[in-house]
Amino acid sequence: MRIHDAEDVQYLLRKTGRVLNPNQRLVVMLYASSNQRPDGTVMIKASEMAETAGMTAPVFSRTRKELVAAGWMEETGSIGSVKLYRLVPQIFEDRGPAGRHLRAVGS
């Protein structure tokens, strides 16, 4: 899913509220608001995303690992030693046709 408007932001805030901690919610929002490849993979370095979120790189990486373990994110491959990640599309299935549309547009 890619964020396109205020409704998408509010959807993600409701979806992650009381389920994820604040750092995890920030990482989800960063991935959802970043440019994505057709499969949803984000090609931005973790260090850049960490800086945007005001986190240190180790905190960002640890938070992303927690999200992978919790089923919110998945590794989609790598370029050299850099691992690539995306939000798991299944977490947005309750969005119905709008969620499918957002994934297609965000592709």
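Biologist: How many helices and strands are there in the chain?

Modeller: This is a predicted model, in which local features need pLDDT of at least 70, side-chain atom pairs count only at pLDDT 80 or more, and totals for chains, interfaces and linings use all residues. Residues are numbered from 1 along each chain as its sequence is written, and side-chain values use heavy atoms, without hydrogens and water. Helices (H or I, at least four residues) and strands (E, at least two) are DSSP runs, numbered from the N terminus. Along the sequence the pattern is α-α-α-α-β-β-α, which gives five helices and two strands.

Biologist: What share of the residues in the chain is buried?

Modeller: Buried means under 20% relative accessible area, with a 1.4 Å probe and protein chains only. The chain has 107 residues, and the buried share is 39%.

Biologist: Which residues of α2 are buried?

Modeller: Helix α2 spans residues 22-33. What covers its buried residues includes α1 (6-16), α3, α4, β1 (73-79) and β2. The buried residues are Gln-24, Val-27, Val-28, Met-29, Leu-30, Tyr-31 and Ala-32.

Biologist: What share of the contacts in the chain with a separation of 6 or more comes from residues 24 or more positions apart?

Modeller: Contact means heavy atoms within 4.5 Å. Among contacts with a separation of 6 or more, residues 24 or more positions apart account for 52%.

Conventions: The expected span of a helix is 1.5 Å times one less than its number of residues. Buried means under 20% relative accessible area, exposed over 50%, partly exposed in between (1.4 Å probe, protein chains only).
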